[in-house]
Amino acid sequence: MKKKIFFCAFLLFGQNFLSKGQQKTVFKTVIKANQLVLNIHLFLAGNFNNWNPADSAWQLHPVGEGVYQLKKEMQKGVYQFKVTKGSWQSVECRADGKPIENRSLIITKDTAITLDIAGWQDNFAKAEKSHTASPQVHIISDKFDMPQLGRQRRVWIYLPTGYRSSKKKYPVIYMHDGQNLFDEYTSGYGEWGIDEILDKFPDKKESIVVGIDHGGDYRITEYDPYNSKYGKGRGDDYTEFIVKTLKPYVDKHYHVKSGAKNTTIAGSSMGGLISMYAALKYPEVFGNAGIFSPAFWIAPEIYTYAQNAVLPSSSRFYFVCGDAESDSMVADMQKMADIIRLKAKSDLSAPVLIIKGASHNEKQWNGDFPGFYNWLMESPEVRKTGSPNPEVRKNNPKD
């Protein structure tokens, strides 16, 4: 993978500039006669409301025959969203029923936008899905007990190809949102394809990956160590479950290298937030962390927690996000990386990658994972030759 590495001060300046100022924004859509039904309710779900498909604060209201409108005051910035009828089962789609990409909107001044809706997902038969998990992917349990939370959860495990015929011990990566890691059939919006990616690595770079399903309606509060408008944070309980229940089980039943140097925690969005927290709270357990598109905006307290955290010099953090995810994503992630770099052995222990044009989705994280994994598997000698500056890479899956 060829990469151009340079410090992009202009990009960070632009993110800070865009984040200031309220702009009048008008969303308007006209529902075609053949799509109009009684008591239809339309909502916007996007990175401005944690992708809530039925957020009353983002409901469009009828202003005429088949015409719906919403007026908002919004900060300058980059936004992604979709229109729903109150659920993800009734989200907008293409005229042939296939999913559409997230809508993108850049607000720099007062804006009016007309939304043309081609179709609704609930008007089409549910698309057939197939299982895509490789033979190396197994289910530890469909109902793994989580005593710290009083719940049960499906837990997956990826074992390297030669695992069964060898007594070799492997590093372990713990990841969240297990539904989306290995199998298209169980994923909500596409899979990371972790198994297909790791199948291509040589024996000397093999790892075990443990995936924990998210808790559906509990996802936000389980992945947040702090209280928010979404409820009481259960992040402490969730991370304690991994450290005191799940990891001891994996250490006992599988051939693993159990030390912090060979134990990683990784995730995206809210999973990036809880991975950051877990690595800060339990540095003696997680020596490495993959922080993909972290949702630091929901938990600003984590910056103070990071500043006060005592980390061994061997702790390593990998930060990556796209510059088209939200108006504050790059600045938020860079702020955390700057805190960590003051504690790290070198800037190479906390690289920052900003992917040009990248959005907030599994497709992007699939593209980000190989770079993260190569960094994770690098020897200290290789890391010494790198660059401390943030890397800006174009969103090109062929890189």
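This is a short talk on one predicted protein model, going from the whole chain down to a few single residues.

Hi everyone. Two housekeeping sentences before we look around. Residues are numbered from 1 along each chain as its sequence is written, and side-chain values use heavy atoms, with hydrogens and water left out. Because the model is predicted, local features need a pLDDT of at least 70 and side-chain atom pairs count only at pLDDT 80 or more, while totals for chains, interfaces and linings use all residues.

Let's start with the overall picture. The protein chain has nine helices and 18 strands. Those are DSSP runs numbered from the N terminus: helices are H or I with at least four residues, and strands are E with at least two. Of the chain's 399 residues, 54% count as buried. Buried means under 20% relative accessible area, exposed means over 50%, and partly exposed is in between, using a 1.4 Å probe on protein chains only. Now think about contacts, meaning heavy atoms within 4.5 Å. Among contacts between residues at least 6 apart in sequence, 75% join residues at least 24 apart.

Next, the inside. A nonpolar core is a set of buried Ala, Val, Leu, Ile, Met, Phe, Trp, Tyr and Cys residues joined through side-chain atoms within 4.5 Å. Which residues have the most contacts inside the largest core? They are I208, M276 and F319, in a core of 61 residues. Helix 5, residues 270-281, gives this core its largest share, eight residues. Apart from it lies another core of 26 residues, including F182, V209, A266 and L353.

Let's stay with M276 for a moment. Not counting residues up to four places away in sequence, M276 touches I291, F296, I302, F317, F319, M336 and I340. Two of those names, M336 and I340, are also among the buried residues of helix 7.

So what does helix 7 look like? Helix 7 covers residues 329-341, and its 13 residues reach 18 Å from first C-alpha to last. That is close to the 18 Å expected at 1.5 Å a residue, where the expected span is 1.5 Å times one less than the number of residues. Helix 7 is mostly covered, with 10 of its 13 residues buried. As a reminder from class, an α-helix has 3.6 residues a turn, so residues three or four places apart point the same way.

Now for the strands. Strand 15, residues 288-294, is largely enclosed by the rest of the structure, because seven of its seven residues are buried. Strand 14 and strand 15 run parallel and are joined by six bridges; for two strands to pair, DSSP must find at least two bridges between them.

Most residues other than glycine have a negative phi, and most peptide bonds are trans. S269, in strand 14 (residues 263-269), has a positive phi of about 60° although it is not a glycine. S269 is buried, because its relative accessible area is 13%. D177 also has a positive phi, near 50°. D177 sits in the loop between strand 12 (172-175) and helix 2 (194-199), and it counts as buried because its relative accessible area is 6%.

Strand 12 also holds M175. Is M175 buried or exposed? M175 counts as buried, because its relative accessibility is 0%. The contacts of M175, leaving out residues up to four places away, include W192, V209, A266 and F369. M175 and G290 are 115 residues apart in sequence, yet their C-alpha atoms are 9.2 Å apart in space.

For contrast, look at A57, in the loop between strand 2 (42-46) and strand 3 (59-64). A57 counts as partly exposed because its relative accessibility is 41%. Beyond its neighbours within four places, A57 is in contact with L70 and K72.

One more loop: S359 lies between strand 17 (352-356) and helix 8 (362-377). The side chains of S359 and Q80 are joined by a polar contact of 2.8 Å. A polar contact is a pair of N or O atoms within 3.5 Å; within protein, one must be able to donate a hydrogen and the other to accept it, and residues adjacent in sequence count only if both atoms are side-chain atoms.

Last, the cysteines. How many disulfides are there in the whole structure? A search finds zero, where a disulfide is a pair of cysteine sulfur atoms within 2.5 Å. C93 counts as buried because its relative accessibility is 2%, and C321 counts as buried at 0%.
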